[in-house]
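This briefing goes through one protein structure by topic. Look at the sequence and the model first, then read on.

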Amino acid sequence: MERKELEVFKEWFDYIKDENGNDLPVFNRQAKVYFCQCSENGFMNLYELLKFCSDTATEDYTQRGLSWKVLDEHDYAILTSRQSFNITRLPEVDERILMTSWEETPEPLQLVRRYKITDESGKELVSGHSTWILVNPRTHRILRTADFSLRSPAPVYKVPFKGIPNGKISIPEELTALNQRPICYSDTDNNGHTNNARYGAFTYDCLPEEYQKKTFTNFRINYAKEAKKGQMLQMFANFDDSVKKITIVGKNGDTVCFESELYYA
């Protein structure tokens with residue numbers, strides 16, 4: 001049997017100068033889109049998109065000596081706050097893609113990270129903008145980004161984002177109750193609450209089938225209150241076909257856990 005050389009997927013840093021002339025690391029990650037990451041339409045689903053981005057951000061920091069263990073030892077935890085994605089086309093099954101991710105100028109209480117996914121020809125498929133809060137894992141107190149001393153100096157750099165800006169999601173008064181979703185053991189991560197990427201699955205799964213089959217152009221999600229194992233999320237939605245927008249709210253009782261928006265073509 002002829003031996004076939006295995007395909008190799010690489011990770012590496014490029015370095016660019018920020019506005020202060022400091023080196024800004026740009027993390028690059030090659031990947032293949034696997035069958036299990038795609039929905040029945042053959043394209044990567046929202047859960048896998050969020051997971052790919054979250055894992056990339058984590059690996060970026062890990063390769064720079066800032067693993068979650070190191071952060072925890074210094075009383076830091078970094079939690080996703082808001083994310084917005086402009087979608088030209090979701091990656092499809094068996095496609096080879098490149099993820100590029102970098103940090104931008106932080107806000108007073110939020111770190112800022114950008115994502116760009118391209119195909120093998122370099123064509124942009126997805127552009128993402130996310131914000132993250134710094135928390136003391138012992139006291140749960142939100143920390144100022146200016147006090148985050150482990151990676152210094154903070155970048156001073158911004159690239160225009162062509163998607164919908166991160167910000168407050170306006171919730172319509174008229175909401176339709178959809179399904180209920182129990183929070184199970186496999187939904188949670190090492191922090192002990194629902195992993196941020198799982199809310200992408202919650203968003204997809206609560207939609208009526210006719211909306212699941214839409215071609216989405218923009219996706220925003222805001223995290224309000226972590227959901228924990230044993231809780232039950234009630235999903236609500238508003239469907240505004242006049243502007244081709246779906247607004248989704250997930251609640252545990254009267255407590256809002258997350259809000260999301262989907263725009264479709």
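Two strands pair if DSSP finds at least two bridges between them. Helices (H or I, at least four residues) and strands (E, at least two) are DSSP runs, numbered from the N terminus. The model is predicted, so local features need pLDDT of at least 70 and side-chain atom pairs count only at pLDDT 80 or more, while totals for chains, interfaces and linings use all residues. Residues are numbered from 1 along each chain as its sequence is written, and side-chain values use heavy atoms, with hydrogens and water left out.

- Strand β4 (residues 96-107) runs antiparallel to β5, and eight bridges join them.
- M99 has I117 of β5 as its bridge partner.
- The hairpin from β4 to β5 passes through two residues.
- On to β6, β5 again pairs in the antiparallel sense, over eight bridges.
- T118 has E124 of β6 as its bridge partner.
- Five residues lie between the strands in the hairpin of β5 and β6, where G122 takes a positive phi near 95°.
- Eight of the nine residues of β5 are buried, so β5 is largely enclosed by the rest of the structure. Buried means under 20% relative accessible area, exposed over 50%, and partly exposed in between (1.4 Å probe, protein chains only).

**Strand β9 and its partners**

- Strand β9 (residues 216-223) has seven of its eight residues buried, so it is largely enclosed by the rest of the structure.
- Strand β3 (residues 77-87) pairs with β9 in the antiparallel sense over five bridges.
- F219 in β9 is the bridge partner of F85.
- Strand β12 (residues 255-264) also pairs with β9 in the antiparallel sense, over seven bridges.
- Y264 in β12 stands opposite F216.
- E261 lies in β12 and is buried, with a relative accessible area of 2%.
- Beyond its neighbours within four places in sequence, E261 is in contact (heavy atoms within 4.5 Å) with I169, N218, F219, R220, K245, I246 and T247.

**Nonpolar core**

- A nonpolar core is a set of buried Ala, Val, Leu, Ile, Met, Phe, Trp, Tyr and Cys residues joined through side-chain atoms within 4.5 Å.
- The largest such core has 52 residues, and F85, L233 and I248 have the most contacts inside it.
- Helix α1 (residues 46-63) supplies the largest share of this core, eight residues.
- Leaving aside neighbours within four places in sequence, the contacts of L233 include I183, Y199, F202, C257 and F258.

- L71 is found in helix α2 and counts as buried, at 7% relative accessibility.
- Leaving aside neighbours within four places in sequence, L71 is in contact with Y61, L66, Y76, I78, F148 and L150.
- The C-alpha atoms of L71 and P137 are 9.6 Å apart, although 66 residues separate them along the chain.
- Seven of the eight residues of helix α3 (residues 198-205) are buried, so α3 is largely enclosed by the rest of the structure.

**Largest pocket**

- On a 1 Å grid over the protein atoms alone, a pocket is an open set of points where a 1.4 Å probe fits, with protein on both sides within 12 Å along at least five of seven lines; lining residues have an atom within 4 Å of a point.
- The largest pocket has a volume of about 1300 Å³, where volume is the space filled by probe spheres set on the points, which are joined across faces, edges and corners.
- Of its 44 lining residues, I78, L79, T80, N191 and H193 are the closest to its centre.
- α1 gives the most to this lining, with eight residues.
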